[in-house]
Amino acid sequence: MTTFFTPAQILPAYQYRKSCRHYDPSRKISAEDFNYILELARLSPSSVGSEPWRFLVVQNPELRQKLKPFSWGMAATLDTASHIVVILAKKNARYDSPFMLDGIKRRGITEPEAIGKTLAKYHSFQADDAHLLDNERTLFDWCSKQTYIALANMMTGAALIGIDSCPIEGFNYDDMNRTLAATGAFDPAEWGVSVAVTFGYRAKDIAPKARKAMEDVVTWLE
């Protein structure tokens, strides 16, 4: 039976979660807890169920050092974060690509006629509704947006069990792609770096969260 939680149980974790830039190097996330965080990423929703992501868990100390010269957004935490994840987004995820076809079949759509109808819907969406077929960058940006859903779920889920995190875009994307692809972890023709995130336990208190008032960000259309 599924157990649900009350707002009073969840909101404190959201209020506690802040971008952590100083981790305690003596505290490491357990394998069980980090597998839970990765499972939250894997279970995240995505547009048309495409799951256009891969997650690189960067634990090799030498590789982390190679990232330092061009990763100004996490240069101070590359040595202290318990875990670092770089999220990749799929390139060229056209409606008629083998990648998208695999996703359709994974969701149980296997009859040729049903596949054809689904591909026609995807084509209409990508070509007419969202204009994703204009160039390779628009397709990549569409997939990259999906990775941020997984990113948010990972950070929120981590906060719920007392683990700190920080999303990172502060790095040179060309250098990051080149350095990580050189490890053989992915084909740069098929995948590209979208965003990174660090995890660990804060080494000191973090300044209170500053957010706009509800009425400044929410408009009800009734």
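Reader: What makes the sheet an open one of four strands, and what is the strand order?

Author: The order is S1-S2-S4-S3, with antiparallel pairing. Strands S1 (53-57) and S3 (164-168) are the edges, since each pairs on one side only. Strands here are DSSP runs (E, at least two residues; helices are H or I, at least four), numbered from the N terminus. On average, neighbouring strands are turned by 25 degrees against each other, direction ignored. This is a predicted model, in which local features need pLDDT of at least 70 and side-chain atom pairs 80 or more, while totals for chains, interfaces and linings use all residues. Residues are numbered from 1 along each chain as its sequence is written, and side-chain values use heavy atoms, without hydrogens and water.

Reader: How do you know that S1 and S2 pair?

Author: Pairing takes at least two bridges found by DSSP. S1 and S2 have five, in the antiparallel sense, so they count as paired because the cut-off is at least two. Phenylalanine 55 stands opposite isoleucine 87 in S2.

Reader: And how do you know that S2 and S4 pair?

Author: They share eight bridges, again antiparallel, and histidine 83 stands opposite phenylalanine 199 in S4. Five bridges join S3 to strand S4 (residues 191-200), also antiparallel, with proline 167 opposite valine 197 in S4.

Reader: Why is S2 called largely enclosed?

Author: Buried means under 20% relative accessible area (exposed is over 50%, partly exposed in between; 1.4 Å probe, protein chains only). Eight of the eight residues of S2 are buried, so the rest of the structure largely encloses the strand. His83, Val85, Ile87 and Ala89 point one way, Ile84, Val86, Leu88 and Lys90 the other, and all are buried. In a regular strand, side chains alternate between the two faces of the sheet.

Reader: Which strands does helix H6 lie across?

Author: Helix H6 (residues 136-160) lies across S1, strand S2 (83-90), S3 and S4, at about 10 degrees to S4. Helix H7 (residues 173-181) packs on the sheet too, touching S1, S2 and S4, and its direction makes about 90 degrees with that of S4. Contact means heavy atoms within 4.5 Å; angles run from 0 to 180 degrees between N-to-C directions, with axes fitted to C-alpha atoms, for helices over the stretch in contact.

Reader: Why is valine 217 called exposed?

Author: Valine 217, in helix H8 (residues 214-217), has a relative accessible area of 55%.
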